[in-house]
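Notebook open, structure viewer up.

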Amino acid sequence: MPLHDELTSPQAVWDELLAGNERFAAQASEHPHMHDERRAELSAGQSPRAVVLSCSDSRAPVELLFDSGLGDIFVVRTAGEILGLSVLASVEYAVNGLGCPLVVVLGHEFCGAVGAALTAVTTGELPGGFSNVLVERVTPSVLAAQREGHTESADVERVHVRHTVDTLFAQFPALREKVAEGSVGVVGARYRVSDNRVETVCSHGVE
Ligand SMILES: [Zn+2]
């Protein structure tokens with residue numbers, strides 16, 4: 001089922017994204033909202049259902065893995081789904097300016113940025129260049145994971161997603177108010193490259 005116009009509650013949008021991922025994982029994608037009618041509709045403006053902050057990894061293509069189409073998702077991607085001013089501005093615009101009822105922070109299996117941060121913490125070696133910024137932003141998540149006793153990449157990826165959601169709330173306080181009033185939901189999730197499925201890591205205002 002494509003995303004319907006009447007879907008505006010955070011829970012309905014999350015359910016629909018998960019249903020889209022189920023279709024994608026089952027190799028039964030419907031590729032909704034890709035027709036001329038949709039293109040014509042979008043010429044009048046956009047009203048995306050969700051803003052997704054994900055890693056830039058080529059194995060985690062956001063629209064494809066949620067089997068969604070044109071105008072459905074406002075996507076922000078950075079390696080390691082790290083936050084920065086441009087990212088915060090983009091998420092804020094999607095929520096305040098476009099009225100997105102759902103924010104998803106999407107990490108993934110085999111994340112190179114998380115792996116580089118794990119290596120840096122373990123060996124003290126930095127990758128060099130601008131990649132050092134990725135390591136700096138992900139390292140607090142690695143340290144938090146270690147405090148919780150996690151050393152496996154999969155667990156560190158989950159902690160990084162949760163930590164990123166917490167940091168997003170801290171840096172964008174209005175988001176927490178919107179969650180409290182029920183107008184916006186926030187989900188932390190992890191995409192598994194090996195079986196194409198999205199797992200929920202944490203959620204606020206949705207289940
Ligand atoms: Zn990644």
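**Entry 1: the annotated site**

I checked UniProt, where an unreviewed entry lists Cys55, Asp57, His108 and Cys111 under "binding site". I'm looking at a predicted model here, not an experimental one. How far apart do these residues sit in space? They are spread over 57 residues of sequence, yet they cluster, and the largest C-alpha distance is 8.5 Å.

**Entry 2: Asp57**

I took Asp57 from that list and found it in the loop between β1 (50–54) and α3 (62–65). Is Asp57 buried or exposed? Its relative accessible area is 15%, and buried means under 20%, so Asp57 counts as buried. Then I asked what it touches, leaving aside neighbours within four places in sequence: Asp57 is in contact with Arg77, His108 and Phe110. His108 is also on the UniProt list.

**Entry 3: Cys111**

Next I went to Cys111, which is in the loop between β3 and α5. Cys111 is buried as well, with a relative accessible area of 5%. Not counting residues up to four places away in sequence, Cys111 touches Cys55, Gly80 and Glu157. Cys55 is another name from the UniProt list.

**Entry 4: Glu109**

While I was in that loop I stopped at Glu109, found between β3 (102–108) and α5 (112–123). Glu109 is buried, with a relative accessible area of 13%. Which residues does Glu109 contact, once neighbours within four places in sequence are left aside? I got Glu157, Arg190, Tyr191, Arg192, Val193 and Ser194. Glu157 had already turned up as a contact of Cys111.

Arg192 is 83 residues away from Glu109 along the chain, but their C-alpha atoms are separated by 5.0 Å. With Ser194, a polar atom of the Glu109 side chain lies 2.8 Å from the Ser194 backbone nitrogen.

I moved to the loop between α1 (10–25) and α2 (36–42), which is where Gln27 sits. Gln27 has a positive phi of about 55°, although it is not a glycine. His33 is in the loop between α1 and α2 too. It isn't a glycine either, and its phi is positive, at about 55°.

Which of the two is buried and which is exposed? Gln27 is exposed, with a relative accessible area of 76%. His33 is buried, at 16%.

**Entry 5: the largest pocket**

Rolling a probe the size of a water molecule over the atoms shows where empty space is left. The largest pocket came out with a volume of about 150 Å³. Which elements give two or more residues to its lining? They are α6 (131–147) and α7 (153–171). I noted that α7 gives the most, with five residues.

The lining includes Glu81, Ile82, Leu83 and Gly84, and also Arg137, His160 and His163. Pro140, Ser141 and Gln171 are among the lining residues too. By type, the lining divides into three nonpolar, seven polar and two charged residues.

**To remember**

Methods: Residues are numbered from 1 along each chain as its sequence is written. This is a predicted model: local features need pLDDT of at least 70, side-chain atom pairs count only at pLDDT 80 or more; totals for chains, interfaces and linings use all residues. Side-chain values use heavy atoms; hydrogens and water are left out. On a 1 Å grid over the protein atoms alone, a cavity is a set of points where a 1.4 Å probe fits but cannot get out, and a pocket is an open set with protein on both sides within 12 Å along at least five of seven lines; lining residues have an atom within 4 Å of a point. Grid points are joined across faces, edges and corners, and a volume is the space filled by probe spheres set on the points. Helices (H or I, at least four residues) and strands (E, at least two) are DSSP runs, numbered from the N terminus. Ala, Val, Leu, Ile, Met, Phe, Trp, Tyr, Cys and Pro count as nonpolar, Asp, Glu, Lys and Arg as charged, and the others, Gly among them, as polar. Buried means under 20% relative accessible area, exposed over 50%, partly exposed in between (1.4 Å probe, protein chains only). Contact means heavy atoms within 4.5 Å. A polar contact is a pair of N or O atoms within 3.5 Å; within protein, one must be able to donate a hydrogen and the other to accept it, and residues adjacent in sequence count only if both atoms are side-chain atoms. UniProt positions are given in the numbering used here, feature names are shortened, and annotations may be inferred rather than shown by experiment.
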